[in-house]
Amino acid sequence: MRKKGTKVMGNNGIELERDGFKSRTGFILACIGSAVGMGNIWRFPYMVSAWGGMTFLIPYVIFVILIGSTGVIEEMALGRATKGGPIKAFGDCMQMRTGKRKAGESIGFIPVLGSLALAMGYTVVVGWIFKYTYLAFSGKLSAMGNDMSAIGGMFGSTASSFGNNMWLIIAMVVTAVIMALGIAGGIEKANKVMMPLLFIMFVGLGIYIFTLHGSSAGYKYIFTLNPKGILDIKLWIYAFGQAFFSLSIAGNGTVIYGSYLSDKENVVTSARNVAVFDTIAALLAAFVIIPGMAAGGAELSSGGPGLMFIYLVNVFNGMPGGKIVGIVFYVCVLFAGMSSLVNLYEAPVATIQEKLKLNRVASVGIIAVAGCVVSLVIQGIVSGWMDAVSIYICPLGAMLAAIMFFWVAGKKFAVDAVNAGADKPIGKWFVPLGKYVLVPLSLVALIAGALLGGIG
């Protein structure tokens, strides 16, 4: 499948062909890459452990099905139908309703700015991952053994103000190079390598962890169901938040990737594949981390960066073959982080291209410089920075995209956008489920996130 190019006007007055994905597989892998990130690796296993295995997995899977069958389809279809990022897409929707697009375009800046802000924070984290991947290969991680003061001190110095400048810049340069090569030549090719390798290596890690003495306690815990716990409303809120952010629904990345998709492709099938493989990645991470912690005699008592850069280092260093395990694990994490970071920067890059009529390399350069400068400055406050963006901007962007698609553009547009390229028309359930369930739940995610201090 070769995407039929759309024409955009360059800054020299010459029509340029808009880039796109060359294959269905490339598109799906890129979308999976955008969804598979730190939420799968350091957040999901912690949530499974904190809420009691199957007690958390049941509501999580329910919400993945709900969001995958509405929000993921909606954002892919919105981008494809309008052939643009959030600004153009929201403007087109508003024009359909009112005849004027300016208000929609103005609203579209919200998810773009949210994507850029989250990307800047994510750049800091990917810089950490680059450093720890190097430390794993060089043997410096394994050399610390089980000295928690040394392990904690290493991460403390890395995650401090201006504490990881070189690796952060490297992360930004690598990201910029991939993006400058274009959708087909850079993003698609990179994800075709990174995503299959990530899954293969995670499966290999899972098999190895399975052979370790004591790991069975971790599997037993994963499959434990607490009937009383499943009645806790907070569990359902956190499960929704995890599914919501894990599937990368924020009105930006999935919309812009969808805009590069051919009208001949089936977005329903693509959305299903993204939801399935994102969930598999999260489960693989859980089946590596929770039994691994059990085999190491440790309690999974912390999520977030501490889990991946402190507690797991200690566990890996205490198990047979720990150095190799650490190398494979951090390469997996690096692939997950890079694929998500590329997606987060894509909406701002596409916006520069659309608004300033610059070529891709120039647009990537502008965003990369801005992203690098801000990321360097926020290293000491990145946790608060990312919490603020994920709690407020991302759910707001997702809600706005759903409102534009289902309510503003209207039922006919929504159905036609989804059915283009489909083998059979989508069911009559789709629009009501999007309008009356997805939109209200997005509002719930926004309010609950603010009240509970973050649910993503």
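## Aromatic pairs

In this predicted model, Phe-155 has a relative accessible area of 10% and is therefore buried, the limit for that class being under 20%. A pair of aromatic rings is described by the distance of the centres and the angle of the planes. For Trp-128 and Phe-155 the ring centres are 5.2 Å apart and the planes stand at 85°, so the pair is classed as edge-to-face. Trp-128 belongs to helix H5 (residues 102-138) and Phe-155 to helix H7 (residues 148-158), so the pair ties together parts that are 27 residues apart in sequence.

## The aromatic cluster

When rings are paired if their centres lie within 6.5 Å, the count comes to 27 aromatic pairs. One aromatic cluster is made up of Trp-128, Tyr-132, Phe-155, Phe-202, Phe-309, Phe-316, Phe-329 and Tyr-330. Both Trp-128 and Phe-155, the edge-to-face pair described above, are among the members of this cluster.

## Helix H3 against helix H11

Helix H3 (residues 54-82) packs with helix H11 (residues 233-246) at an angle of about 45°, and their axes are 8 Å apart. That angle makes H3 oblique to H11, and the crossing of the two helices is right-handed.

On the H3 side, the contact involves Thr-55, Phe-56, Pro-59, Tyr-60, Ile-62, Phe-63, Val-64 and Ile-67, which meet Leu-235, Trp-236, Tyr-238, Ala-239, Phe-240, Gln-242, Ala-243, Phe-244 and Ser-246 in H11. By class, the residues of this contact divide into 14 nonpolar and three polar, with no charged residue among them.

## Helix H4 against helix H5

The axes of H4 and H5 come within 7 Å of each other and cross at roughly 150°, and this crossing, too, is right-handed. Pro-86, Ile-87, Phe-90, Gly-91 and Met-94 make the contact from H4, while H5 contributes Ala-103, Gly-104, Glu-105, Ile-107, Gly-108, Phe-109, Pro-111 and Val-112. The contact of H4 with H5 has nine nonpolar, three polar and one charged residues.

## Two lysines with positive phi

Lys-83 has a phi near 55°, a positive value in a residue other than glycine. Lys-83 is found in the loop between H3 and helix H4 (86-98), and its relative accessible area of 18% places it in the buried class.

For Lys-357, phi is likewise near 55°, again a positive value in a residue that is not glycine. The place of Lys-357 is in the loop between helix H15 (322-356) and helix H16 (360-377). At 35% relative accessibility, Lys-357 counts as partly exposed, whereas Lys-83 is buried.

Which residues does Ser-375 contact, leaving aside its neighbours within four places in sequence? With those neighbours set aside, Ser-375 is in contact with Met-120, Thr-123, Val-124, Leu-168 and Tyr-345. Ser-375 is found in helix H16, and at 0% relative accessibility it counts as buried.

Gly-421, by contrast, lies in the loop between helix H18 (411-419) and helix H19 (430-452) and counts as partly exposed, at 31% relative accessibility. Leaving aside neighbours within four places in sequence, Gly-421 is in contact with Asp-263, Lys-264, Glu-265 and Asn-266. Gly-421 and Val-382, which are 39 residues apart in sequence, are 42 Å apart in space, taken from C-alpha to C-alpha.

How values were computed
Residues are numbered from 1 along each chain as its sequence is written. This is a predicted model: local features need pLDDT of at least 70, side-chain atom pairs count only at pLDDT 80 or more; totals for chains, interfaces and linings use all residues. Side-chain values use heavy atoms; hydrogens and water are left out. Axes are lines fitted to C-alpha atoms, for helices over the stretch in contact, and angles run from 0 to 180 degrees between N-to-C directions. Helices (H or I, at least four residues) and strands (E, at least two) are DSSP runs, numbered from the N terminus. Angles under 35 degrees count as roughly parallel, over 145 as roughly antiparallel, 65 to 115 as roughly perpendicular and the rest as oblique. A crossing is left-handed if the near helix is turned anticlockwise from the far one by less than a right angle, and right-handed if clockwise. Contact means heavy atoms within 4.5 Å. Ala, Val, Leu, Ile, Met, Phe, Trp, Tyr, Cys and Pro count as nonpolar, Asp, Glu, Lys and Arg as charged, and the others, Gly among them, as polar. Rings of Phe, Tyr and Trp (its six-membered ring) pair if their centres lie within 6.5 Å; planes under 30 degrees apart count as stacked, over 60 as edge-to-face and the rest as tilted. Buried means under 20% relative accessible area, exposed over 50%, partly exposed in between (1.4 Å probe, protein chains only).
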